[in-house]
Amino acid sequence: MKLTPYIQSMVNGLLVGSLYSVIAMGLTIIFGVMRVINMAHGELIMLGMYLAFWAFTLFGLGQVAALLISLPLFLVLGAVIYSGVVNRVQRRAGEMGTLLVTAGLAYLVANAAQLVWKADFRSLPSALITRSLFWRGISFNYSLLWAFLAAVILTAVTYLFLIYTDAGRAIRATAQDREAAALMGVQIHRINMLAFALGTALAGMAGVLLTPVFYVYPYVGRVFLVKAFVVVVLGGMGSILGAWLGGLLFGVVESVACLFIPSGYRDAVGLVVFLLVLLFKPSGLLGRSRV
Amino acid sequence: MRKLALPSLAGVILLVYPLMVRNRFFLHLSVMVLLYALLGVSWNLLGGYTGQISFGHAAFFGTGAYTSTLLLLRFGISPWLGMLVGAVLALLLSLPLGWLTFRLRGPYFALSTLAFAEIVRVIVYNWDTLTGGGDGLNISTDLGGVVRFYYIILALTVAALLVAGACVRSRWGYFLNAIREDEDAAEALGVPATRMKVIVLAISAFFVAIGGSFFASYQLYINPDLVYESQISIQMIVVTIVGGIGTLEGPVVGALIIVPLSEYFRSLSPVANPLIYGLFIVVFMLFLPQGIVSGVQRLLTRRTAAVADQHVSASV
């Protein structure tokens, strides 16, 4: 039996999975801190992808520049969405309201993108994205490798921020117990906004990193939103480490499963994983039990 | 007596309407309004009354559409019978989804609906020996004119309203409200929350599938993008939110407003049309989360309260 194709798809899965981790971390931070499922998370990724695409096409800017531009841009965007929409609706209509309003926002943004940028599938020039490094018969795509490296750095920085800074500590305290954190002097409103901005920035930067690997089109967000849900549930809702581990694991599972099933069913793998987790380990890999 | 006056007047108008209006476009518009009212009422029973938000009801809509159409094309079974088969099939499809996700605390159901609708769509798309894949299915049988369809969808929508009304006015209504407001408290008081949610999802899926079958027979053509598209799920949500989430008549009012508007925007620009759905959701959730029905009701009670106040102060 030849093992190379399996190892190859595991490698690819691991590299892509690191990006799923970044996306899922953004989603899980927002959920953990304020119990909001951000249905517009996928559209934020889509905007990040377009940002990277246009930055290269119009100005010849590479990924590093696009990442540096996207960080402040998406932090501000997240703060605006939080204070303009999410906070207001959550106070008046609760969890149901935020689910609905972010879904509406997602639909609005996706269709606005369709109107402005057309439904074309776009990608960066192939000379840039098909170069690979070979090692023992396994190929490592350069842009995937770079995305992996950047994703690992992003993950590590986010993790260290949450563990060692005062703001990060306040975020974790709020996620653990909102009332207790408020009593300890944590400014809940400010922490909510920070968490939402952070989650948004992670989505946007993940979008930038995804651009060389995936086609860019207006409805691409939903694909990643579903994947992010699967990863978050797999890792355990609200768990940062779970999101990281879940992303890598899901990337590998998805990639390897594609060796066995027709390519048309690729996006079905997610749901199967999702249902299996709900059936056997609903709290996820690292989540607290919520059954 | 006065309580029955308005519904019976509306009933008479709805019954004679196709005899008075001969314009085909207006008849078509009324059919679509009634269809979306049916979909909204069904979605609302689960989303509005029980608080379980579904983003994937298109899966049930498409299942209804494909079942009745395939039964007609393959076996020559009347779509009005196939409609029932499709509805039962959608109901059966909803059971494992509900059972798996409703046992758990948290938004697992809402999360799974998106993926659920997507997978059903993918299967229908790829199973082309049965479903015709992306090419879709054509119905060449003559199933009757627009007036006939008008009366059928009128009957179906009224039936859905009656069932939904019976649900929410009975003990069940209180159960559902209790589940929406505080599930733990509801269970502590003996409400079988999981079972109630599964049942309501099944009823909701049943009626949405009926709407799907109707749509297929009316349009005489379906494909996965038409009946499994997320836009179908979004439209149910829009008519409910605009009319009034968690009210019986809300989705009907919402459909009356949204469907004509949507037809108008479609004639302006087909690309911009879906944009208004997203816009309506965001604007209404921000400024009128209770929807138009409750907004008007509140306005009316405020006015009568003000009038009553005046009377009181005048008599003093």
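Predicted model: local features only at pLDDT ≥ 70, side-chain atom pairs only at ≥ 80, totals over all residues.
**Exercise 1.** Find which residues I23(A) touches, not counting residues up to four places away in sequence.

*Solution.* Residues are numbered from 1 along each chain as its sequence is written, and chains are lettered from A and ligands numbered from 1 in the order in which they are written.

**Exercise 2.** Determine how many residues each chain gives to the contact between chain A and chain B, and describe the side of chain A.

*Solution.* Chain A gives 40 residues and chain B gives 35 residues. On the side of chain A that touches chain B, the largest share, 20 residues, comes from helix α3(A), helices being DSSP runs of H or I with at least four residues, numbered from the N terminus. By class, this side of chain A has 29 nonpolar, six polar and five charged residues, where Ala, Val, Leu, Ile, Met, Phe, Trp, Tyr, Cys and Pro count as nonpolar, Asp, Glu, Lys and Arg as charged, and the others, Gly among them, as polar.

**Exercise 3.** Work out how many residues of α3(B) are buried, and what follows this helix.

*Solution.* A residue is buried if 20 or more other C-beta atoms lie within 10 Å of its own; by this criterion 14 of the 18 residues of α3(B) are buried, and the helix is mostly covered. After α3(B) comes G76(B), whose phi is positive, near 65°.

Key:
Contact = placed C-beta atoms within 7 Å. Helix = DSSP H or I, 4+ residues; strand = E, 2+ residues; numbered from the N terminus. Buried ≥ 20, exposed ≤ 12 C-beta atoms within 10 Å, placed from the backbone.
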